[in-house]
Amino acid sequence: MRIRLLLGDQLDINHSWFSGADPEVLYVMMEVRPETEYVHHHAQKLLAVFASMRNFAAELEGRGHRLRYLKIGDPANRQSFEENLTFLTAEHGAELIEYQRPDEFRLEELFLEMQARLPLCRVESEHFLLSRDEAAAWFAKRKNPVMEYFYRDIRKKTGWLMEGDAPQGGKWNYDEENRRAWRGDPPAPVRDGRIVDLRPLWEEIQKAGIASFGEPRAKAFRWPLRREEALEDLARFCREGLTHFGRYQDAMAMNEPFLFHSLLSFALNVKLISPREVIEAALAAADQNPAIPLSSLEGFIRQIAGWREYIRGIYWERMPGFGIENFFDHRRNLPDWYWTGEVKMRCLKQSIGQSLKESYAHHIQRLMITGSFALLAGIDPQQVDDWYLGVYIDAFQWVELPNTRGMSQFADGGKTATKPYAGSANYISKMSDYCKGCAYNQKQRHGEGACPFNSLYWDFYLRHRERLEDNPRIGFVYRTLDKFSEEERRSIRRQAEEYLEGIEGL
């Protein structure tokens, strides 16, 4: 008799565990308070994880597997992995507890520590393109790993978008073709399909006293909560979004929070679908639809096979120290308006408001709006981490931490990203319509009504010159700064200081 523990982000029905029902195996799933409290979670994230877990449990039972599910309000639930496993082991006379390797460092450490008291045995999750050991071996061979070469090795290994040993089309990367602003044409896909009523579950969560923030949208929940729904969303993206995804993947628009993005990240990160089937579906769609450009197909595959896998490898390569790095020694508190959306800057109001409403923002909103502001303002990266980890429905630490602390905040000093992703209002205006109608003037560096992004951008590079001026990717910034008069630089510094002192009122 053995127990097999399943975590809330391990909902992979194609895992080898489930190849056949075994009466000597009891699957255990549990909703425990520590998983709701290690960070302040968005209401939709809580709803999506719990609902997906419960749907997966029902599917397991429907396939004949034995299952014990402890809901958040179950009187038998000790609200602890260890305490629940201890009583279940005794209750069922289990001689072994198997668990899939967690994707988060804190849980891996917890289960390794529990091995001293419980008969735990670890197996692979089987989800990613590379196992943890394969990814670790790749990083171990490289002093300065670069995502582009990791991505190329994945392509060579799988044969995706390859013609023999050469990349299809003669180029590995079409990123330069995928940076176009969207001005309304072609129209974005309509996202008014599936609606699920999760009000009974929301009542359970509230009754249990679990704190959250953001809009629950429990009456009309839109995220996929079953594998079949995730596959429907994948097929719809391949049919309606993939053609235009590439060229507009960095674009931002006031009334279109999703544009041509796939919205598959939650389903991927809780393992309802796998990266391999997502990529193969995109490849099959391109074979059938000549209107899908290679640049779009490659850009999408690079996000899944390149960046997602690479980020996971970096996470495990650098933990636990990764979680405390603070290259710039930033200490300022995160403004309260990150939690409310009550800010005058139109780009931040839109991006944060959308995040609070949808539990979603795409990568450029995260990187170049909310993330860039936090970097320029010198916000403590721990507080930035906590916000990103809590607000987004797809955020689990293995993917959030490298993207936030490593890339967005450059807190590791360039081990993840080769330059800080800091942007002025010029970038925001170029890639969005956010600046139109804003209370601030995107063309001014200082003076009444000047966009805070401008003075904070130049001030950031002025105050960190010693750390950054030798970076070959940002030499142009300092060449431009050196052309400014001394009075102009002083005006920039004064304006930035004024905005930072009154940051809550921006």
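**Basis.** I worked on a predicted model, where local features need pLDDT of at least 70, side-chain atom pairs count only at pLDDT 80 or more, and totals for chains, interfaces and linings use all residues. Residues are numbered from 1 along each chain as its sequence is written, and side-chain values use heavy atoms, with hydrogens and water left out.

**Helix H16.** I took helices (H or I, at least four residues) and strands (E, at least two) as DSSP runs numbered from the N terminus. H16 spans residues 381–391, and eight of its eleven residues are buried (under 20% relative accessible area; exposed is over 50%, partly exposed in between, with a 1.4 Å probe and protein chains only). I listed the buried ones as Pro381, Val384, Asp385, Trp387, Tyr388, Leu389, Gly390 and Val391. Their cover includes H2 (43–62), H13 (337–340), H14 (346–358), H15 (363–377) and H17 (397–408); contact means heavy atoms within 4.5 Å.

**H15 against H19.** I found H15 packed on H19 (residues 452–463) at about 50°, with the axes 9 Å apart. Axes are lines fitted to C-alpha atoms, for helices over the stretch in contact, and angles run from 0 to 180 degrees between N-to-C directions. H15 is therefore oblique to H19 (under 35 degrees is roughly parallel, over 145 roughly antiparallel, 65 to 115 roughly perpendicular, the rest oblique). The H15 side of the contact is Met368, Ile369, Ser372, Phe373, Leu375, Leu376 and Ala377, and the H19 side is Phe453, Leu456, Tyr457, Phe460 and Arg463.

**H2 against H7.** The axes of H2 and H7 (residues 199–207) come within 10 Å and cross at roughly 115°, which means H2 is roughly perpendicular to H7. In H2 I noted Ala43, Leu46, Leu47, Phe50, Ala51 and Arg54, which meet Leu201, Trp202, Glu204 and Ile205 in H7.

**His15.** Is His15 buried or exposed? His15 counts as buried because its relative accessibility is 2%. I placed His15 in the loop between S1 (2–6) and S2 (25–30). The His15 side chain reaches the backbone nitrogen of Trp17 at 3.0 Å and the backbone oxygen of Glu124 at 2.9 Å.

Methods
A polar contact is a pair of N or O atoms within 3.5 Å; within protein, one must be able to donate a hydrogen and the other to accept it, and residues adjacent in sequence count only if both atoms are side-chain atoms.
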